[in-house]
Structures are given as C-alpha cells and as structure tokens.
Amino acid sequence: MQSEPETVCNVAISFDRCKITSVTCSCGNKDIFYCAHVVALSLYRIRKPDQVKLHLPISETLFQMNRDQLQKFVQYLITVHHTEVLPTAQKLADEILSQNSEINQVHGAPDPTAGASIDDENCWHLDEEQVQEQVKLFLSQGGYHGSGKQLNLLFAKVREMLKMRDSNGARMLTLITEQFMADPRLSLWRQQGTTMTDKYRQLWDELGALWMCIVLNPHCKLEQKSSWLKQLKKWNSVDVCPWEDGNHGNELPNLTNALPQGANANQENLGQCKSLEYQHLPAHKFLEEGESYLTLAVEVALIGLGQQRIMPDGLYAQEKVCRNEEQLISKLQEIELDDTLVKIFRKQAVFLLEGGPYSGLGEVIHRESVPMHTFAKYLFTSLLPHDAELAYKTALRAMRLLVLESTAASGDLSRPHHIASVVPNRYPRWFTLSHIESQQCELASTMLTAAKGDVRRLETVLESIQKNIHSSSHIFKLAQDAFKIATLMDSLPDITLLKVSLELGLQVFLS
C-alpha cells in the first residue's frame with residue numbers, strides 16, 4: 001500500500017508564562033483542539049528545548065541596528081514575502097510619513113515577540129469559533145450519529161479544564177451554553193407545548209451541573225462571579241430557556257414505571273461499579289487535625305443529602321431529585337468506613353436531628369419537604385454497628401411522610417428556628433409518590449430486621465409503621481417481612497416479631 005505523500009506545514013506557536021496562547025498551522029484542519037502538527041511542535045519544544053534557538057524580542061534586535069541595516073532588513077523582508085506583505089508595507093509607509101495619521105499618535109510600536117505584561121490576562125489558546133461550530137453541528141444532528149457522545153466529551157473537557165484551574169473552562173462552557181440557547185428546537189417545543197427528549201434534557205442537566213462547579217469555585221475573583229451571574233440571569237430571562245422540570249405541556253405525563261421500585265432498584269447499577277480504593281490524603285494546614293480531603297468530601301455529601309428542600313413541581317425534576325440522591329449514596333457506599341469517618345457520620349447525624357429548618361431530619365419540617373427515607377436507610381446501616389441508639393433515632397425521625405397526612409403538626413412556635421408545617425388546600429402532584437412510599441417501606445423493613453430480639457425497639461418501630469405508613473400493600477409487605485424474619489430456620493421464632501406481623505396483618509384487614 002502506498003502511504004500518503006509527506007506534506008510540510010508551517011506552524012507558529014506563541015507562549016506566555018508556560019501556556020500556549022495562540023497557534024497557527026498551514027494544514028487548514030479545523031477542530032476544537034490542536035491539530036497533530038501543533039502537538040508535534042509542542043512536544044519537540046518540550047523534549048528538545050536546546051534545539052529551538054531562543055531569540056530576543058524583535059524590538060530589541062531592531063534597536064541594535066543602524067539606519068542602513070534597518071533599511072536592508074525591511075527591503076529583504078518585503079522581497080521574500082512581497083506578494084503577501086507589500087500592500088501592507090506601502091500602507092504603513094504612507095501612514096508613517098503622514099504627520100496627522102493615527103499611527104503617529106502612538107508612542108513606539110507593537111512587538112508580538114515580546115510577550116504580555118505580567119499584569120495581563122494569559123490563558124490557553126481556545127478556538128472559540130470552532131467550539132461554536134462543533135456544538136451547533138452536534139445539536140443539529142438531534143442525538144443521531146453519536147452527537148450526544150460528542151457533546152458529553154466536550155463536557156468532560158470542561159471538567160478537565162476546571163480541574164486544572166484553566167480559565168478556558170468557563171469560556172468554553174459559555175460558548176456551549178450559547179449554542180444550546182440558540183437551538184431552534186427550543187422555540188418549537190415551547191410553541192407545541194411538548195417536552196424535550198430525555199437525552200436532550202440530560203445534556204441540559206450537565207450544563208447546569210458544570211455551571212454550579214464554576215460559580216462555586218473558591219479560587220475565582222468576585223468580579224468573575226458577578227459577570228457569570230449577570231450572564232446566567234440573561235439566559236434565564238429568555239423565553240425559550242427550558243424549565244428545570246421540563247414540563248411546558250398541560251397534559252399529565254405517562255407515569256408508568258417512572259422509577260424502579262423496591263429494595264433491588266439500584267443493585268423502609270451498584271453491581272457494575274468498580275471497587276475503588278479511597279484514601280485519606282492530608283489536607284492543607286489550615287484544617288483541623290485529622291481532617292483530610294476524604295473526610296471533607298464525605299461530610300459535604302452528608303450535609304447535602306440531609307438538607308431540607310421542597311419537592312419541585314414537575315415529573316422530571318422530581319425524578320431527578322431521587323436519581324441524584326441515589327447516585328450520591330451509591331458513591332458513598334464505595335467508601336469503607338473507618339473510625340475517622342464514623343465520627344463524621346455521628347457528628348452529622350446529631351447535627352441533622354437538631355438542625356432546625358435547614359435539616360430534612362429536623363424536628364419539624366414543611367409538609368412538602370422531600371422525604372429522607374433513602375438517606376436515612378443509608379445512615380441507619382452505617383451507624384448501626386457503632387451507635388445503635390443514634391441509628392434508630394435517625395431512621396425513626398425519617399419515617400414520616402407528611403404529604404399524606406390529613407392534618408400536619410403546626411410545630412412548636414415558641415422555638416423560632418422551626419418551620420411550621422402548613423397544610424395547603426391543594427393536594428400536591430407528587431408524581432414519584434409510589435417510589436417514595438416504597439423507599440419508606442424499605443426503611444421500615446430494614447429497622448425490623450435489625451431489631452430482631454429487641455422487644456423495646458420492635459415496639460417502637462411498629463408504632464412508627466402504624467403512624468406513618470398509609471399504603472395497605474406496603475403494610476402487608478411489612479407483615480410478611482416480619483413473619484419471615486421471625487421464623488428464620490437457624491433460630492427459634494421471635495415472639496415479638498410474630499406479634500408485629502400479626503398486628504400489621506390485622507391493620508390491613510381493618511383499613
């Protein structure tokens with residue numbers, strides 16, 4: 001096979017404080033990233049720095065020439081490149097000889113080889129036009145020909161830039177977002193009152209997640225954050241900007257199999273996760289003794305999961321609440337708890353139980369607050385071997401499902417940090433209620449299993465089930481679970497658990 005003929009490309013790369021600030025290549029290849037020739041020259045410069053001769057800025061070289069040398073230099077330069085530079089050279093000569101020209105009002109002359117001032121902004125070269133063109137092309141393909149995969153690769157590139165504290169991360173995400181906002185399908189979907197596809201909505205979710213990473217970056221200057229806030233508000237004010245829940249239509253969405261049900265829903269994905277080894281890396285000296293990046297990450301995750309938040313209106317946003325919570329918990333489950341991390345769990349569980357209105361496990365919550373069943377089940381199983389009393393206290397507090405209560409507690413108004421639970425006149429549209437009740441049932445079943453042989457705890461769990469679970473099918477399931485647990489083959493029947501099973505069974509018949 002004949003190989004392609006060898007081609008010679010002219011490549012120019014500008015550096016500024018160890019960053020490539022601009023590139024040009026005669027190959028003509030257009031892409032978001034550098035062409036192979038630019039990469040090759042960069043590697044050559046890195047690997048063989050002695051082979052690349054270092055010159056003084058051209059202005060310094062010209063300063064050392066006398067008049068004859070300067071004239072010879074200019075004339076030879078024009079002769080070698082006369083077709084390209086002669087018109088420019090003649091135009092500049094005319095302006096220099098004119099006393100009133102703009103060029104004569106400026107002292108000195110520019111020098112592209114001298115580099116930028118130390119105070120000037122410097123950032124990696126990014127071909128903004130190509131970013132816009134590529135995103136526009138991918139969006140126009142409507143999810144076909146791997147366009148979704150290509151967009152996710154762009155998002156991954158933004159994440160990589162943010163990790164490296166490259167200022168191009170925000171620039172690149174701005175360009176991507178502008179193309180998303182300019183997508184003609186947005187206005188079409190708005191006019192027709194239809195929802196966008198799930199794949200497309202997930203891309204918008206990723207946009208939002210990346211913008212959160214950017215605006216929460218502690219290394220950014222206040223003026224940058226102010227600029228981004230202004231830009232985000234501008235996009236948000238555009239009519240076609242999608243709502244978070246994605247429901248522009250008036251019709252109820254199809255709720256069949258909206259979310260997986262039961263205890264094995266994630267396997268009151270995980271099996272495919274590779275086992276990762278997490279280690280305590282020492283953090284900066286301004287942190288407390290014993291703290292590491294791992295302890296900080298776990299603590300932030302627990303704080304976020306326990307925050308009280310009102311259930312959003314739309315189906316997609318409600319599904320996203322469940323999905324994001326389960327994804328974060330699945331990440332936490334990959335971490336093996338040691339003594340240091342157990343201390344974090346105990347501290348956060350106590351904070352959340354006593355946390356007042358910011359906490360979803362506080363004493364009094366809003367009627368439409370997102371339930372904590374899934375999170376509490378994870379806390380319960382994590383704390384049980386180390387602090388059973390705290391584990392049960394946390395799980396029992398989370399059992400409530402106020403949205404189904406006919407009357408909700410008003411709260412202790414003498415304690416101003418509590419939110420009074422107010423029962424609105426309307427019945428809220430909780431599209432994921434079936435999934436939520438399943439998680440509530442799973443939490444209760446987990447407590448029943450752990451409480452076997454403990455009469456006091458079993459009675460407490462039974463009272464919580466009778467008070468908080470309203471679905472007859474779930475109560476019946478718990479009666480079956482209690483019976484199975486009580487009559488395991490390897491032990492004598494647990495009389496208290498059998499009584500729990502009987503009482504729950506009778507409750508189903510009487511309901």
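Predicted model: local features only at pLDDT ≥ 70, side-chain atom pairs only at ≥ 80, totals over all residues.

Residues are numbered from 1 along each chain as its sequence is written, and side-chain values use heavy atoms, with hydrogens and water left out.

**Stop one: a pocket**

Select I13, S14, F15, K19 and I20, which lie nearest the centre of the second largest pocket, one lined by 49 residues. (On a 1 Å grid over the protein atoms alone, a pocket is an open set of points with protein on both sides within 12 Å along at least five of seven lines; a cavity is a set where a 1.4 Å probe fits but cannot get out; lining residues have an atom within 4 Å of a point.) Its volume is about 1700 Å³, counted as the space filled by probe spheres set on the points, with grid points joined across faces, edges and corners.

Now colour the lining by class: 28 residues are nonpolar, 12 polar and 9 charged. Next, show β1 (11-16), β2 (19-25), α1 (36-47), α2 (58-63), α6 (147-163) and α7 (168-181), each of which supplies at least two lining residues. (Helices are DSSP runs of H or I, at least four residues, and strands are runs of E, at least two, numbered from the N terminus.) Domain 1 (11-56) and domain 2 (128-237) each give at least three residues to this lining; the bounds come from an automatic or database domain assignment.

**Stop two: the cavities**

Which residues line the largest cavity? Select M311, V321, C322, E325, E326, V370, P371, H373, T374, H435, I436 and Q439. They surround about 100 Å³ of space, and by class they are 6 nonpolar, 4 polar and 2 charged.

For the second largest cavity, pick I365, S369, P371, M372 and R400, the nearest to its centre among 15 lining residues. It holds about 80 Å³.

Show α14 (residues 373-383) with α16 (residues 433-450): their axes come within 8 Å and cross at roughly 20°. (Axes are lines fitted to C-alpha atoms, for helices over the stretch in contact, and angles run from 0 to 180 degrees between N-to-C directions.) The two helices are therefore roughly parallel, a label for angles under 35 degrees.

Terms used
Nonpolar A, V, L, I, M, F, W, Y, C, P; charged D, E, K, R; others polar. Parallel < 35°, antiparallel > 145°, perpendicular 65-115°, else oblique.
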